[in-house]
Amino acid sequence: MVKERPALFYTLALATGVLLYSKWHFLVGFLDLLTIAVATVVVVSAICCFVIKAGLRNASITVAMMLSGMLCGAVLYAVHDRIDFSAGNEWKTNIANGAAAVREKVTDIYIANGLEGDELAVVSAMTLGDKRHIDRNLRNDYSKAGVAHVLALSGTHLAILYFILMLIAGKGSVAARFVVVGTIWGYVVIVGMPVSAVRAAMMLTMFTLADVMRRGYDRMDVLVTTVAVMILVEPRVVLDVGFQLSVMSVGAIIVICPLLNGLLPYDFLTRHRRLSKIWGMVSVGIAAQIGTAPLVAYYFGTLPCWFVVSNLVAVPLTTVLLYGAVAVVALWHLPLLQLWMVKAVGGIAWLLNVVLGYIANLPLAAIEGVRLSELQVVISYIMIAVSLKIIAYIQVKT
């Protein structure tokens, strides 16, 4: 496994080093900044040598790679702890203030056209990353229904926006594709650069680059590269709950969905296109829940049970809502059409809230009081990985 994906395991070791250092500052007090810088150069050089080695043939090289990755992660965190990044940040403040002004302007458009209450809360969260209007009851309904992720800007939201922009720009021009990517990054800045949105934007950028260069790519390699870059730029991102859930969700979808799709015969899926699309949404929901379940239990102490049904409702309604939100902004010069579009978006949000609220109140909607320890989380992911390996082996044999 390590031989097949050394970058994946090195990035995992890098993140582990950051987590260990955040819990036990074992470098503080005896490593000055110069020592840390030298250690970083040495460790990175060693990693490059290990990766260049043909296939990581023996266990000693594998162990050395993992240990050096953990050390490198700890060193990176220590460097960031000792460097003052506050100086000369006026431009960042100006950008943040400008982005906040844009968000307020769009929110004013929603309110001026009659959007209010829970509908305003949901639309603002999904389109602007603004969760100020979400009350505890609404948040609990989405959490118990297993679709709390739709309230956070993530890969789903950016993928929909990317698809809309590509339809407008066309797929023939390389320049148009980079304009679309630039627009995506501009949107990420406007919504406050949440880590899940940054991760998604980086992945979309890499996919576009690979497509333009006409080179094949592996989605897991793109995810690993994205995570590694984000850790190198800001090691503390590993401690962010949203980042952890986002990465585990995407990773699980990449790994588990093909296994779930393999449960149904290929001929059956090709003959029944609509059922295959429904099964695709179901498999994505199941994969994401499996990938995030240990973390959700660790941080929130609850596990949703009706998430499959909820995702079948939430995914298409969220897609239509986001299309409508783009239309609201595009119709700024046509007030009457904009008014009706806002009402349509509000109606979709109302329907989404009602249906998910009903699902959240079904019997056994969620298992409460599930609190995993850190060790139990690690063991859970090891068990999931072993189970997936067994399933993949059985599918290959059959």
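Colleague: Is Cys257 buried or exposed?

Modeller: Some ground rules: this is a predicted model, where local features need pLDDT of at least 70, side-chain atom pairs count only at pLDDT 80 or more, and totals for chains, interfaces and linings use all residues. Residues are numbered from 1 along each chain as its sequence is written, and side-chain values use heavy atoms, with hydrogens and water left out. Buried means under 20% relative accessible area, exposed over 50%, and partly exposed in between (1.4 Å probe, protein chains only). Cys257 has a relative accessible area of 8%, so Cys257 is buried.

Colleague: And how many disulfides turn up?

Modeller: A disulfide is a covalent bond between the sulfur atoms of two cysteines. The cut-off here is a pair of cysteine sulfur atoms within 2.5 Å. Searching the whole structure for disulfides gives a count of zero.

Colleague: Which geometry do Tyr298 and Tyr299 have as an aromatic pair?

Modeller: Rings of Phe, Tyr and Trp (its six-membered ring) pair if their centres lie within 6.5 Å; planes under 30 degrees apart are stacked, over 60 edge-to-face, the rest tilted. The whole structure holds two aromatic pairs. In this one, the centres of Tyr298 and Tyr299 are 4.9 Å apart with 75° between the planes, making it edge-to-face.

Colleague: Why is the pair of Tyr299 and Phe300 classed as tilted?

Modeller: Phe300 is partly exposed at 46% relative accessibility, and Tyr299 is partly exposed at 28%. Their ring centres sit 6.3 Å apart, and the pair is tilted because the planes are at 50°.
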